[in-house]
Amino acid sequence: IALTILEYSTVSAIKNPIISGWNPDPAILLVGYEYYIATSAFECFPGIPIYKSRDLENWGLFSHAFTEPQSLQLYG
């Protein structure tokens with residue numbers, strides 16, 4: 001009787017959404033070992049939030065692209 005031992009590796013998946021809330025049209029960039037996502041949230045100030053991650057799963061708010069009120073006109 002031949003005995004075969006199989007080694008199983010666990011495969012994990014990242015659950016969507018990776019960033020909760022309203023974050024449309026993400027654009028991602030890798031700089032060194034850190035990932036950055038900018039989203040097109042123009043509806044509120046400060047505008048265009050930028051998130052940072054090292055593992056593509058855990059994201060934190062890093063900054064905003066528009067931090068000056070005159071940079072983002074929120075009226076018609």
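Trainee: How do you know which strands pair in the open sheet of four strands?

Mentor: Its order is β1-β2-β3-β4, with antiparallel pairing. Two strands pair if DSSP finds at least two bridges between them. Four bridges join β2 (residues 34-38) to β3 (residues 47-53), so these two strands pass. β3 and β4 have five bridges, also antiparallel, so they pass too. Mind that this is a predicted model: local features need pLDDT of at least 70, side-chain atom pairs count only at pLDDT 80 or more, and totals for chains, interfaces and linings use all residues. Residues are numbered from 1 along each chain as its sequence is written, and side-chain values use heavy atoms, with hydrogens and water left out.

Trainee: What makes β1 and β4 edge strands?

Mentor: β1 (27-31) and β4 (60-66) each have a single partner strand, so one side of each lacks a neighbour in the sheet. From one strand to the next, the twist averages 25°; that angle runs from 0 to 180 degrees between N-to-C directions, using lines fitted to C-alpha atoms.

Trainee: How do you know what the elements of the protein are?

Mentor: From the N terminus on, they run β-β-β-β, with zero helices and four strands. These are DSSP runs, where helices (H or I) need at least four residues and strands (E) at least two.

Trainee: Which residues stand opposite β3 residues?

Mentor: Among them, Y35 faces S53 and A38 faces I50. I50 also stands opposite S63 in β4. β3 and β4 form a hairpin with six residues between them, and in the turn L56 has a positive phi of about 65°.

Trainee: Is Y36 buried or exposed, and what does F62 count as?

Mentor: Buried means under 20% relative accessible area, exposed over 50%, partly exposed in between (1.4 Å probe, protein chains only). Y36 is at 16%, so it is buried. F62 is at 47%, so it counts as partly exposed.

Trainee: What makes β3 mostly covered?

Mentor: Five of its seven residues are buried. Of the 76 residues of the protein, 21% count as buried.

Trainee: How do you know what N23 touches?

Mentor: Contact means heavy atoms within 4.5 Å. Leaving out residues up to four places away in sequence, N23 touches T39, P49 and Y51. N23 lies in the segment before β1 and is buried, with a relative accessible area of 16%. A polar atom of its side chain lies 3.0 Å from the backbone oxygen of S20.

Trainee: How many of the contacts with a separation of 6 or more come from residues 24 or more positions apart?

Mentor: In this protein, 23% of them.

Technical notes. Polar contact = N/O pair within 3.5 Å; in protein donor to acceptor, adjacent residues only side chain to side chain.
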